[in-house]
Amino acid sequence: MNIYINPPRSDWDQLLARPSMNNQQLVDRVKPILAEVKAKGEVAVHEFTARFDGVVLDQLQVTEAEFEAAEALVEEKLKAAILQAKENIHRFHAVQWEPVQEIETMPGIACWRKSLPIEKVGLYIPGGTAPLFSTVLMLGVPAQIAGCQEVVLCSPPNREGNIHPAILYAAQAVGIQRVYKIGGAQAIAAMAYGTESIPQVYKIFGPGNTYVTAAKQLVSQEGVAIDMPAGPSEVMVVADETAPPSFVAADLLAQAEHGVDSQVMLVAQSESLAQAVQAEVERQVQLLPRKKIAQAALENSRILVTERTDDFVDIINAYAPEHLILSVEDDLSLGEKIHTAGSVFLGHYTPESVGDYASGTNHTLPTHGYARAYSGVSLDSFVKKITFQKLSKEGLENIRQTVEVMAAAEQLEAHKRAVSVRFES
């Protein structure tokens with residue numbers, strides 16, 4: 001990680017830039033996959049599974065016997081951890097449900113809004129080098145609370161044709177029965193268009209590699225909703241002189257090990273702290289099983305040094321990080337000034353890992369600067385909100401003139417007549 005001392009604001013855009021991707025090249029590769037699945041259904045899905053995952057499957061859906069076998073393979077300690085995490089996530093998301101509140105805006109005019117579940121949702125769970133069973137909880141729990149009628153889960157199979165047992169155990173823990181051994185863009189296509197055995201869903205959730213991300217964005221142009229635009233994982237750590245360098249380095253590496261295209265950023269209060277953290281990163285990365293992945297991610301990463309707290313705030317809000325760790329003495333005060341971040345972790349004893357797994361907040365968050373306009377996944381993501389209104393004759397009479405005048409001013413005579421006709425008799 002290169003260190004930049006008091007960089008001028010004119011250099012910030014360049015220093016805070018994410019790794020560039022050839023989006024058109026991605027689109028050109030993904031579009032034919034979507035088209036094949038749309039046209040040929042599960043025949044195409046099987047072909048792509050053989051080509052990309054290296055396995056020929058007899059069937060795509062996970063059987064009851066496979067669920068049982070998977071549960072037996074998950075050690076009891078991990079089962080207990082999954083259930084504890086599920087409980088915390090449930091507790092945090094359950095209170096997000098909005099009760100119906102009827103408001104009388106004028107005498108005789110009642111308005112209210114009601115939250116209803118999205119009936120059919122699809123969840124994509126990455127497998128590969130890091131099977132994200134924690135994401136099953138992050139998406140499955142709010143889907144369960146919302147009352148989604150049909151939840152479809154897709155995750156890529158390994159070379160033996162199996163999904164990681166912890167993913168299947170987590171799926172059972174949140175009541176998901178329809179699980180399919182499909183990965184990549186073909187999984188997104190299967191959920192978006194439906195196949196012989198996979199129902200078409202109305203909204204697709206979940207992280208993935210660049211191909212999955214491109215596929216989600218493409219199907220969203222065809223009427224299928226997605227949770228949010230997303231890209232490689234990222235973290236920004238802001239540290240002052242009270243921050244232990246070993247803690248900061250560990251937090252940076254926790255994100256760097258996600259993938260070679262991940263990015264980790266440190267904003268440090270002094271050059272000495274920056275150098276101490278850099279030394280710790282170099283020491284700790286050697287201890288990681290995913291050392292090569294983390295080292296590749298570190299090539300996309302930087303350390304910015306500034307003594308001004310105001311610069312801390314401006315740099316954070318300019319970058320709009322997916323994960324933000326405020327490893328500073330006055331973390332609550334600094335946190336109040338942040339208005340662009342996916343999720344904020346306050347203080348020296350709040351590593352980003354707790355949010356990834358078990359504190360209760362959701363780890364499906366906007367990346368690549370989308371935190372400027374998008375929120376992370378919550379219960380709201382799994383419901384649609386419908387407004388209702390009911391007017392009595394008195395209520396319509398009370399608002400009649402307002403509506404008629406506005407409709408006439410917009411030259412929409414039929415709008416005006418829809419009100420006035422009710423009083424002509």
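On a 1 Å grid over the protein atoms alone, a cavity is a set of points where a 1.4 Å probe fits but cannot get out, and its lining residues have an atom within 4 Å of a point. Grid points are joined across faces, edges and corners, and a volume is the space filled by probe spheres set on the points.

The model is predicted: local features need pLDDT of at least 70, side-chain atom pairs count only at pLDDT 80 or more, and totals for chains, interfaces and linings use all residues. Residues are numbered from 1 along each chain as its sequence is written, and side-chain values use heavy atoms, with hydrogens and water left out.

Begin with Q96, W97, E98, S115, L379, D380, V383 and K385, which line the second largest cavity. Its volume is about 30 Å³.

Next, select G206, P207, G208, V212, T213, K216, I226, M228, P229 and A230, the lining of the largest cavity. This cavity has a volume of about 40 Å³. Helix α9, residues 210-220, contributes the most to that lining, with three residues; a helix here is a DSSP run of H or I with at least four residues, numbered from the N terminus. Across the whole structure, the search finds two cavities of 30 Å³ or more.

Finally, turn to the cysteines. The structure holds zero disulfides, a disulfide being a pair of cysteine sulfur atoms within 2.5 Å. C154 is buried, at 0% relative accessible area, whereas C111 is partly exposed, at 23%. Buried means under 20% relative accessible area, exposed over 50%, and partly exposed in between, with a 1.4 Å probe and protein chains only.

How values were computed: On a 1 Å grid over the protein atoms alone, a cavity is a set of points where a 1.4 Å probe fits but cannot get out, and a pocket is an open set with protein on both sides within 12 Å along at least five of seven lines; lining residues have an atom within 4 Å of a point. Helices (H or I, at least four residues) and strands (E, at least two) are DSSP runs, numbered from the N terminus.
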